[in-house]
Amino acid sequence: MSRATFTAGQEVTVRLVKSGDTKLHYPAVVAGDDGTHAVVRAPWGRTTVRDFGFVRFEPGDVFTEHYWRDRWYAVKEVRAADGTLKGWYCDAARPAEIRPDSIVIVDLELDLWLSADGTTVLRLDEEELAESGLEDDDPAAASMARRAMDELEALARAGGFAELLG
């Protein structure tokens with residue numbers, strides 16, 4: 001478990017790693033860090049819209065991202081530029097590696113979406129996990145990814161993430 005902790009207002013870089021390569025990195029500002037659970041805020045980092053069908057990520061959207069040093073997932077609250085809650089996008093991931101100036105997240109392919117009104121819960125990317133080879137290369141990590149999605153789905157269906165996110 002990482003020993004580095006952040007201070008509120010600190011600027012950090014979030015690095016998303018998939019299959020051993022950094023796929024995405026972007027600046028974020030720390031909202032809080034209790035030594036186990038780090039929270040950062042970041043704008044949608046693209047100048048274009050990404051339409052998933054169930055939600056659109058658009059320029060001006062703000063993500064409040066929750067990372068844990070001891071849990072196999074990350075939860076991202078998504079709000080429109082006007083502050084309207086769109087929902088929560090969750091990633092199965094290895095526990096966050098917190099460095100003095102960055103957060104490194106190793107994505108494990110599986111994702112979950114919970115709509116703002118709580119009526120839509122979608123498990124995503126099962127085929128990406130199968131194609132990744134993770135189940136053969138690291139069956140323990142694949143198992144943890146599935147458990148993480150089970151836990152998040154149960155929380156989502158039981159009323160959302162309010163208690164989890166504090």
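At 24% relative accessibility, F52 counts as partly exposed, a label for anything between buried (under 20% relative accessible area) and exposed (over 50%), using a 1.4 Å probe and protein chains only. F57, at 3%, is buried. The rings of F52 and F57 have their centres 5.1 Å apart and their planes at 70 degrees, so this pair is edge-to-face. Here, rings of Phe, Tyr and Trp (its six-membered ring) pair if their centres lie within 6.5 Å, with planes under 30 degrees apart called stacked, over 60 edge-to-face and the rest tilted.

A quick word on the ground rules. This is a predicted model, so local features need pLDDT of at least 70 and side-chain atom pairs count only at pLDDT 80 or more, while totals for chains, interfaces and linings use all residues. Residues are numbered from 1 along each chain as its sequence is written, and side-chain values use heavy atoms, leaving out hydrogens and water.

Back to the rings: the whole structure turns up twelve aromatic pairs. F52 and F57 belong to one aromatic cluster together with W44, F54, F63, Y89 and W113. W88 and F161 also make an edge-to-face pair, at 6.0 Å centre to centre and 85 degrees between the planes. Since W88 lies in strand β8 and F161 in the loop between α3 and α4, the pair ties together parts that are 73 residues apart in sequence. Both W88 and F161 are buried. Helices (H or I, at least four residues) and strands (E, at least two) are DSSP runs, numbered from the N terminus.

Helix α3 covers residues 139-157. Its buried residues are A141, A142, A145, A148, M149, L152, E153 and A156. Seen down the helix axis, they fall within an arc of 130 degrees, so they line one face of α3; the arc is taken from the directions from the axis to the C-beta atoms. On the other side of α3, A140, R147 and R157 are exposed. After the helix comes G159, with a positive phi near 130 degrees.

What about the nonpolar interior? A nonpolar core is a set of buried Ala, Val, Leu, Ile, Met, Phe, Trp, Tyr and Cys residues joined through side-chain atoms within 4.5 Å. The largest one has 23 residues, and Y73, V75, L112, L152, F161, L164 and L165 have the most contacts inside it. β7, β8, β10, α3 and α4 each supply at least two residues of this core, with the largest share, seven residues, coming from α3. Apart from it lies another core of 17 residues, among them V30, A93, I98 and I103.

Notes:
Expected span 1.5 Å × (residues − 1).
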